[in-house]
Amino acid sequence: MEKDWDSFLAPYEQTVAELKVKLRGIRKQFREKNQHVPIEFVTGRVKPVESILAKSQLRNIPLDRLEMEMSDIAGLRIMCQFVEDIHEVVRLLRSRKDMKVIIERDYVTNHKASGYRSYHLVIEYPVQLVEGEKKILAEIQIRTLAMNFWATIEHSLNYKYQGDFPQEIGDRLKRAAEAADQLDEEMSSIREEIQEAQHLFSHGKGSSTDLSYQRIAEWKEEPK
């Protein structure tokens, strides 16, 4: 029998929508307390059906086991300014009562061989449906802006070359990953000065035009 994808994906769409609201709510609470905001912006998406089918075939996951064995059908991405913010966000998510962290993968401390860096959490989130509560698996990726820039480029190249990069491209990607890592380290070294400047900026020293980029970033959605 053909799978009813609309019904199957509806709880995942609700999960992504609710989590985006809650994560943006964290940002608002930090701002109201006049504290540094560890979350720069949040994006989210539900994996398209064709991507689900491709991954299920690659990983040999039966369609009737998708809910248990595919943890990234619902996906969110949290962008941070500083590496330190990543660990603060992880701490915040671990402490929440409305979700349960069940898997952690720290690719920030332990880079992948390709140079990829990010912190991945798989959470169990109880979504409330008409027929009752349903626990949904969702993946949350937490990165700095530099990490995300590298990962976005690597993802595009990976799609083009199907993971089989020419040697020169692979070497350049690794050098770019090292440069992004160094950028994050430099930003962390002057983090206090940056935060002080941003505090002054947010209290009226920046123009409304300057603030537009930040607002656009807040509303940006993942193009997947």
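I looked up Lys47 and found that Lys47 is buried, with a relative accessible area of 11%, where buried means under 20% relative accessible area, exposed over 50% and partly exposed in between, using a 1.4 Å probe and protein chains only. Asp72 is also buried, at 9%, and the side chains of these two residues meet in a salt bridge at 3.3 Å, N to O. I count a salt bridge when a side-chain nitrogen of Lys or Arg is within 4 Å of a carboxyl oxygen of Asp or Glu. Lys47 lies in the loop between β1 and α2 and Asp72 in the loop between α3 and β2, so the pair ties together parts that are 25 residues apart in sequence; helices (H or I, at least four residues) and strands (E, at least two) are DSSP runs, numbered from the N terminus.

I kept in mind that this is a predicted model, in which local features need pLDDT of at least 70, side-chain atom pairs count only at pLDDT 80 or more, and totals for chains, interfaces and linings use all residues. Residues are numbered from 1 along each chain as its sequence is written, and side-chain values use heavy atoms, with hydrogens and water left out.

Next I checked Lys134, which forms a salt bridge with Glu67, the closest N and O atoms being 3.2 Å apart. Lys134 lies in strand β5 and Glu67 in helix α3, so this pair ties together parts that are 67 residues apart in sequence. Lys134 is partly exposed at 25%, and Glu67 is partly exposed at 30%.
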